[in-house]
Amino acid sequence: MAKIFNLRRTSTLALRQRKVALLRQLVVPADLLRASYVERFTTCGKANCSCAQGRRHGPFYYLTSNLSGGHVLKFLLKGHAQQQRAEQGVRHYQIHWERLEELSQINAELLHRGEPLGGAEG
């Protein structure tokens with residue numbers, strides 16, 4: 001779900017200034033990951049294991065991403081450093097996406113007002 005930015009009552013000048021600021025921030029992070037960072041606990045299915053009494057194994061950390069054609073990329077993140085890098089890359093994607101979404105909504109509002117959508121100044 002996209003965050004809704006309340007722009008209707010914002011002045012055109014303020015929208016343009018925010019647009020310039022967003023464009024300055026839109027440097028794509030090298031570690032960007034369009035994925036989900038998932039924590040899971042599992043059961044092994046052995047009747048005499050403690051997980052059968054509710055103490056599941058884990059946590060296990062995975063990176064998952066839906067690809068085209070119903071394909072899913074999913075793999076176990078084995079080490080703490082790998083888990084941290086994955087979590088940071090996903091967070092960077094979310095920040096970048098939110099900035100793009102805000103820029104898009106500003107452009108839609110400017111278009112609605114009959115304003116040009118040109119470069120950083122316009």
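Buried means under 20% relative accessible area and exposed means over 50%, with partly exposed in between. Keep these cut-offs at hand for the stops below, and keep in mind that the model is predicted.

**Colour by confidence.** The mean pLDDT of the chain is 91, with 97% of residues at 70 or more. Among the elements, strand β3 (residues 72-77) has the lowest confidence, a mean of 91, and helix α2 (residues 80-112) the highest, at 95.

**Select residues 12-25.** This is helix α1, 14 residues that reach 20 Å from the first C-alpha to the last, close to the 20 Å expected at 1.5 Å a residue. Show L15, R16, K19 and L22, which are buried. Those four cover an arc of only 120 degrees around the axis, so they sit on the same side of α1. Now turn to the face directed away from the buried side: the exposed residues there are L13, Q17 and R24.

**Stay on α1 and select R16 with E115.** The two form a salt bridge, their closest N and O atoms 3.1 Å apart. E115 belongs to the segment after α2 and R16 to helix α1, so the pair ties together parts that are 99 residues apart in sequence. R16 counts as buried because its relative accessibility is 14%, whereas E115, at 27%, is partly exposed.

R18 is in helix α1 and E102 in helix α2, 84 residues apart, and the pair links distant parts of the chain. E102 has 11% relative accessibility and therefore counts as buried; R18, at 33%, counts as partly exposed.

**Move to K3 and E98.** Another salt bridge is found here, with 3.8 Å between the closest N and O atoms. K3 lies in the segment before α1 and E98 in helix α2, so this pair ties together parts 95 residues apart in sequence. Both partners count as partly exposed, K3 at 44% and E98 at 36%. The total count of salt bridges is five.

S36 is found in strand β1 (residues 36-42). S36 counts as partly exposed, with 39% relative accessibility.

**Finish with L67, L73 and F75 as a surface.** Together they make a nonpolar surface patch of about 240 Å². L73 lies in strand β3 and counts as partly exposed, at 39% relative accessibility.

Technical notes
Residues numbered from 1 in each chain as written. Predicted model: local features only at pLDDT ≥ 70, side-chain atom pairs only at ≥ 80, totals over all residues. Heavy atoms only, no water. pLDDT = per-residue confidence, 0-100. Helix = DSSP H or I, 4+ residues; strand = E, 2+ residues; numbered from the N terminus. Patch = residues over 30% accessible without salt bridge, like charges linked within 9 Å, V, L, I, M, F, W, Y side chains within 5 Å. Areas by Shrake-Rupley, 256 points an atom, 1.4 Å probe, with all protein chains shown as cover. Salt bridge = Lys/Arg side-chain N within 4 Å of Asp/Glu carboxyl O. Buried < 20%, exposed > 50% of the residue type's maximum accessible area, 1.4 Å probe, protein only. Expected span 1.5 Å × (residues − 1). Arc of directions from axis to C-beta.
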